[in-house]
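Dear colleague,

I am passing on the structure below, together with some notes on what turned up when I went through it. Please read the notes with the coordinates open beside you.

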Amino acid sequence: MSFTRGFEGRRRKERNPGLPPGQYDVGSDWPVLSAEPTPELSTASWSFAIEGLVRQSVRWTWEEIHALPPASYEGAIHCVTTWSKFGVRFGGVSVDTLLALAEPLPAASYVVAYSSTGYTTNLPLGDVTGGKAFLVWDYDGHPLEVGHGGPARLLVPHLYFWKSAKWVAGLRLLDHDEPGFWEVNGYHDRGDPWLEQRYQGD
Amino acid sequence: MATVEEITQETASAKSFRLALSQPSRHLAGQHFLVRLTAPDGYTATRSYSVASAPEPSSRHLEITVERLEDGEVSSYLHDVVVPGDKLEVRGPVGGFFVWRGDTPALLVGGGSGIVPLMAMLRLARMSEHRGLARLVVSVRSPSELYYASELPGPEVVVAYTREAPTCALRPPGHLAASDLQGSVLPKATVFVCGSSGFADHVTSLLAQIDIAPERTRVERFGPTS
């Protein structure tokens, strides 16, 4: 690959090995991106469900979900628009805890995460199990702001951040992959930042 | 790959780059392209830029408008180093949601550099027989910061200055209000909002005041990182 005339890459001397290819460290900023307007949501009417290919569909209210054993994530997040953010701290519950109560059927291999705004994103089931995914409502020790997906969002930090559905209302388990909002609009079905799976065909 | 054919200074901090593509690529108004720079040691930096030009029949050219950010790794390179004749690695078009095909009513609301993808839409409207289908409201701080200033004026365009307005302006400077949007709404129009996150949030609350449902609104948030 030939290089671009006169481009040196100002930041490369301080490059963090924790940065996936094509990403850069956005520092203390946390950019907000979304396709739809920020919704108005209240915890009084909030619920989260796990449904589809499960032994029993389960739904939790705000109080009920807070009664489950807590889990937290501290690490990096990576946005497909090339910014990465390090040292983020989220608190909530592990998706494993939620799935254990719904009991996925053997045929379940994919998940669609859906939000109260109509947003959807698809993932292999294996990418939300084994400690890899969380439902979170705290950021940095404070309630997650609505602009960043509060009251609660999905968190799947090992994949590009569009998979971490804001304003998430549930997970539907399927036996086939069903492209969600951004995936239908050209983004990758899986979205692994280390393999630079940004767009369909990558 | 693309060759830079022409560079135009839009404002003190923004330049438009007219690119000749090596492979034809017909974009839709509202889509963006990726520009990837590669340093001699293989280090790459990629950024996404909205296409400012309407789709062209030959699909061989497009225009992007780039704001030079103070610590922008790619924008400072594009502004300070690139000259006509240079080649850039580009990829696209990308984006399927924030697009307007030109055949339905649209209200375009842009803040500052957010006007770029909306300009592709306005240019598309002006080229076609459906000229009145798109109406644009632009919010900008002062006349010197308005992109495409000589091309914009028209019955379908409203410019709202927030800090400093031209002396002949009827509307005094001030933040965008619901009344600025009201006159530009067409029945059943899809609303395309583009600008900073703060601008997008402000506009969506104004739209709620004039009873435009969120389902009709598409938002693209710009920023130093997006």
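Two residues are taken to be in contact if their C-beta atoms, placed from the backbone, lie within 7 Å. Please keep in mind that this is a predicted model.

On that basis, the contact between the chains takes 31 residues from chain B and 29 residues from chain A. On the side of chain B that touches chain A, the elements giving two or more residues are strand 3 (32-38), strand 4 (44-50), helix 1 (73-80), strand 6 (87-94), helix 4 (197-209) and strand 11 (217-222) of chain B, and the largest share, 5 residues, comes from strand 4 of chain B. By class, this side of chain B has 12 nonpolar, 12 polar and 7 charged residues.

Chain B itself is divided into domain 1 (2-94) and domain 2 (106-222), whose C-alpha centres lie 24 Å apart. The contact between these two domains takes 14 residues from each of them; on the side of domain 1 of chain B, strand 1 (2-11) and strand 5 (61-67) of chain B are the elements that give two or more residues, and the residues of that side divide into 7 nonpolar, 5 polar and 2 charged.

As for the sheet, 6 strands of chain B form an open, antiparallel arrangement in the order 4-3-6-1-2-5, with strand 4 and strand 5 of chain B at the edges, each pairing on one side only, and with a twist that averages 35° from one strand to the next. Strand 2 (residues 14-21) of chain B is joined to strand 5 of chain B by 7 bridges, and B:Phe17 has B:Ile64, in strand 5 of chain B, as its bridge partner.

Best regards

Terms used. Residues numbered from 1 in each chain as written. Chains lettered and ligands numbered in written order. Predicted model: local features only at pLDDT ≥ 70, side-chain atom pairs only at ≥ 80, totals over all residues. Domains from an automatic or database assignment. Helix = DSSP H or I, 4+ residues; strand = E, 2+ residues; numbered from the N terminus. Nonpolar A, V, L, I, M, F, W, Y, C, P; charged D, E, K, R; others polar. Pairing = 2+ DSSP bridges. Axes fitted to C-alpha atoms, helices over the stretch in contact; angles between N-to-C directions.
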